[in-house]
Amino acid sequence: MVSPFTVVKSEGPKLVPFFKATCVYFVLWLPSSSPSWVSVLIKCLPIFCLWLFLLAHGLGFLLAHPSAILIFVGLIFSALGDAFLIWQDQGYFVHGLLMFAVTHMLYASAFGMRPLALRTGLVMGVLSGLCYALLYPGLSGAFTYLVGVYVALISFMGWRAMAGLQLAGAAWRWTELAAGSGALLFIISDMILALNKFCFPVPYSRVVIMSTYYAAQMLIALSAVESREPVEDYRLNKAN
């Protein structure tokens, strides 16, 4: 397994723009009550930097690794979702929800279906049911169904991301650790967002939501670059 220190040493410099853009977001802290295209740019800038992070490994790398392409496209839909959520109070929350739903499907496809890890899937299914039960009293109209579908999709993505983590006697790589950690942080971020929007005010919600969200996206992007299976192996695995 590649050491985390080795990954930090090799990939860290490529992530410097992402860290700077994230700092810019939190330093400027533009008010969410005054949406604008400047707000969109500042909020999406860290995600743009993750696009560049993946592109820095070369177009040939992306073309040879379908998982990396799927994560890259997922980051594009994430940026679109971020842009729509800037105007969520103007009626664009559902648009953002749909963009992130597509993102989770792309990420789940990138993580693949091997190993299956049914026990992990069962745990994620139970947890997603509990989360939806917690949110349900605050939901109404179309959100009753849309949020249910979204919870199912992000839980499925989390299952596939964590399926490769085997804590006992396993030889999992940094890929699995980054993917699993990123998915968990993504779920935490979205759960806090949903609680704050539909149920009750969460203290410091925006700070917690955005810090866990950016960390999640960074880790998922990192999971794409540690020797993801090349296109030949990817097709073989899909066929099996």
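1. Start with Ala117, which counts as partly exposed because its relative accessibility is 23% (buried means under 20% relative accessible area, exposed over 50%, partly exposed in between, with a 1.4 Å probe and protein chains only). Ala117 sits in the loop between α6 and α7, and its phi is positive, about 50°, although it is not a glycine. Keep in mind that this is a predicted model, where local features need pLDDT of at least 70, side-chain atom pairs count only at pLDDT 80 or more, and totals for chains, interfaces and linings use all residues. Residues are numbered from 1 along each chain as its sequence is written, and side-chain values use heavy atoms, with hydrogens and water left out.

2. The loop between α6 (93-111) and α7 also holds Pro115. Arg114 and Pro115 are joined by a cis peptide bond, with omega about -5°. For background, most residues other than glycine have a negative phi, and most peptide bonds are trans.

3. Trp29 is another residue to look at: its phi is near 45°, positive in a residue other than glycine. You'll find Trp29 in the loop between α2 and α3 (37-55). It counts as partly exposed, at 32% relative accessibility.

4. On the overall fold, the chain has eleven helices and zero strands (DSSP runs numbered from the N terminus: helices are H or I, at least four residues, and strands are E, at least two). Of the chain's 240 residues, 44% count as buried. Among contacts between residues at least 6 apart in sequence, 78% join residues at least 24 apart (contact means heavy atoms within 4.5 Å).

5. The unreviewed UniProt entry lists "transmembrane region" for residues 36-56, 68-86, 92-109, 116-136, 142-162 and 174-195; such annotations may be inferred rather than shown by experiment, positions are in the numbering used here, and feature names are shortened. In the model, residues 142-162 are 95% helix and 0% strand, with end C-alpha atoms 30 Å apart. For residues 174-195 the figures are 100% helix, 0% strand and 32 Å.

6. Which residues touch the most other members of the largest nonpolar core? They are Leu54, Ile71 and Phe186, in a core of 67 residues. Helix α9 (residues 174-199) supplies the largest share of this core, eleven residues. A nonpolar core here is a set of buried Ala, Val, Leu, Ile, Met, Phe, Trp, Tyr and Cys residues joined through side-chain atoms within 4.5 Å.

7. Phe186 deserves a click. Leaving aside residues up to four places away in sequence, Phe186 touches Phe100, His104, Tyr107, Ile154, Met157, Tyr213, Ala216, Gln217 and Ile220.

8. Now the pairing of α2 (residues 16-28) with α10 (residues 205-223): the helices pack at about 170°, axes 12 Å apart, so α2 is roughly antiparallel to α10. Axes are lines fitted to C-alpha atoms, for helices over the stretch in contact, and angles run from 0 to 180 degrees between N-to-C directions; under 35 degrees counts as roughly parallel, over 145 as roughly antiparallel, 65 to 115 as roughly perpendicular and the rest as oblique.

9. On the α2 side, Phe18, Phe19, Thr22, Tyr25 and Phe26 meet Arg206, Val207, Met210, Ser211, Tyr214 and Met218 of α10.

10. Last, Gly138 lies in the loop between α7 (118-135) and α8 (143-162) and is partly exposed, at 28% relative accessible area. Gly138 and Ala194 are 56 residues apart in sequence, with their C-alpha atoms 9.5 Å apart in space.
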